Amino acid sequence: MLGPDDAGKTTAKFYGRKTLVHPLMKVCSKARGSNMKHVARKLIEQLPKTDLHCHFDGSIRIETMIDLAKRNNVSLFSYEPSVLMEHMKYGRVRRSLEEYLAGFEPLIAVLQHADDIERAFFEVCEDAAAENVWHLELRYCPYLHTKKNLTSKEVVEACIKASERAERAFNISVKQILCGLKNDPHASVFAIAELAAAFRDSGVVGFDLAGPETGYPIKHHQAAIFWAKKHHLFITLHAGESCGPDSISEALHEGFAHRVGHGTSLTKDPALLDYVADHRIGVEACPISNWHTGAVKSLSEHPIKIFLDHGLRVSINTDNRLCSDTTITEEIMAVMENLDITMDQIRKLLINGFKSAFLPYRERARLLLAFNAAWERLVG
Ligand SMILES: [Zn+2]
């Protein structure tokens with residue numbers, strides 16, 4: 001948990017610009033006469049939230065990463081949490097998505113045994129529950145965890161075990177999205193779609209294509225997407241992060257995506273922006289990660305405010321809790337401090353998360369009612 005001073009340091013160090021004083025902070029300041037940023041952070045922590053775009057491997061705890069590395073003889077820059085975290089922080093602002101993705105190698109290397117995967121997965125759920133995330137969708141690519149003795153099926157089983165345990169232990173709903181990698185062969189990606197379909201009744205709700213964008217069109221994996229759709233899974237596709245709006249158009253019209261991951265280049269095509277708004281396509285914004293991958297030059301240039309002004313169903317998400325040293329609370333603070341966003345738009349971001357969730361309609365409606373009651377109680 002960050003204290004008031006830590007909060008200030010985090011902002012100054014990572015966002016590197018004069019920060020805005022959001023109306024929510026002013027409300028907090030008047031109401032409680034205390035450090036307004038600290039109180040605003042506490043309030044955001046208490047609000048019910050979703051995290052729909054969160055990669056399991058990029059979100060494990062740093063202490064767990066070190067512990068598993070020691071036990072599995074994986075070489076790390078340091079085995080001291082503060083030193084390793086500092087090393088990862090310094091390297092965080094990358095010039096490209098490809099560079100950012102290279103940072104995942106040690107994380108994949110430590111997650112090759114069922115017990116380790118189950119432990120790390122459970123902890124990510126625990127961390128999300130601790131900041132009052134009511135619904136979490138964790139995504140991963142199973143075959144990345146089969147470099148030792150595991151099969152992809154065993155990887156999914158370990159994650160499901162962890163999800164179920166977390167749902168019993170905390171006030172959280174946890175679902176899974178299986179990812180194929182765009183730069184992998186058709187057969188490997190198709191096998192992931194088949195696996196997702198096989199586990200549809202056990203907590204896997206969606207299929208995604210992740211990995212590098214440039215040079216790897218979504219339509220190459222259309223057969224896998226169709227298989228997933230045919231088996232009634234939801235589809236979310238990474239698009240418009242390092243490529244232009246054409247990749248988003250492809251995700252929608254050739255990948256038939258229900259939601260788009262990132263979509264930061266959407267503002268470059270006004271007609272497509274309208275289409276996404278008109279068809280209520282969920283856009284999974286991940287502001288801090290988008291800054292780290294170079295998808296946006298700075299947080300103050302992130303299009304999330306434009307998306308909200310345009311009425312898009314945009315939600316706020318973490319992408320990688322460890323690699324981007326973030327939480328949903330941190331993402332909301334970053335947006336509040338860098339963009340001229342209204343209180344109503346913060347509320348809308350959270351509502352959009354529940355509306356876009358890959359959950360049965362009735363469950364979404366139930367969560368929304370509970371969210372509205374909590375907002376009234378906490379914010380008024
Ligand atoms: Zn992602």
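# Reading helices, strands and burial in a predicted model

Of the 380 residues in the protein, 46% are buried; a residue is buried if 20 or more other C-beta atoms lie within 10 Å of its own, exposed if 12 or fewer, and partly exposed in between, with C-beta atoms placed from the backbone. The model is predicted: local features need pLDDT of at least 70, side-chain atom pairs count only at pLDDT 80 or more, and totals for chains, interfaces and linings use all residues. Residues are numbered from 1 along each chain as its sequence is written.

Q: How many helices and strands does the protein have?
A: Helices (H or I, at least four residues) and strands (E, at least two) are DSSP runs, numbered from the N terminus. The protein has 18 helices and eight strands.

Q: In what order do the strands of the open sheet lie?
A: Two strands pair if DSSP finds at least two bridges between them. Here eight strands form an open sheet in the order β1-β2-β3-β4-β5-β6-β7-β8, with parallel pairing. Because β1 and β8 stand at the edges with a single partner strand each, one side of each is left without a neighbour in the sheet. From one strand to the next, the twist averages 25°.

Q: Which bridge partners link β7 to the strands β6 and β8?
A: Strand β6 (residues 259–262) pairs with β7 in the parallel sense over three bridges, and Arg 259 has Gly 282 in β7 as its bridge partner. β7 and β8 also pair in the parallel sense, over four bridges; there Ala 285 has Ile 316 in β8 as its bridge partner.

Q: Which way do the residues of strand β8 point?
A: In a regular strand the side chains alternate between the two faces of the sheet. In β8 (residues 313–316), Arg 313 and Ser 315 point one way, Val 314 and Ile 316 the other way, and all are buried.

Q: Where are the buried residues of helix α13?
A: An α-helix has 3.6 residues a turn, so residues three or four places apart point the same way. In α13 (residues 270–278), the buried residues are Leu 272, Leu 273 and Val 276. They fall within an arc of 105° when seen down the axis, so they line one face of the helix; the arc is that of the directions from the helix axis to the C-beta atoms. Pro 270, Ala 271 and Asp 278 are exposed on the other side. The buried residues pack against α12 (245–253) and β7 (282–285). Arg 280, which follows α13, has a positive phi, near 50°.

Q: What does His 55 touch?
A: Two residues are in contact if their C-beta atoms, placed from the backbone, lie within 7 Å. Not counting residues up to four places away in sequence, His 55 touches Arg 139, Tyr 140, Asp 319 and Asn 320. His 55 belongs to strand β1 (residues 49–55) and is buried, with 26 other C-beta atoms within 10 Å.

Q: At what angle do the axes of α10 and α11 cross?
A: Axes are lines fitted to C-alpha atoms, for helices over the stretch in contact, and angles run from 0 to 180 degrees between N-to-C directions. The axes of α10 (residues 186–198) and α11 (residues 222–230) come within 8 Å and cross at roughly 5°. That makes α10 roughly parallel to α11; angles under 35 degrees count as roughly parallel, over 145 as roughly antiparallel, 65 to 115 as roughly perpendicular and the rest as oblique.
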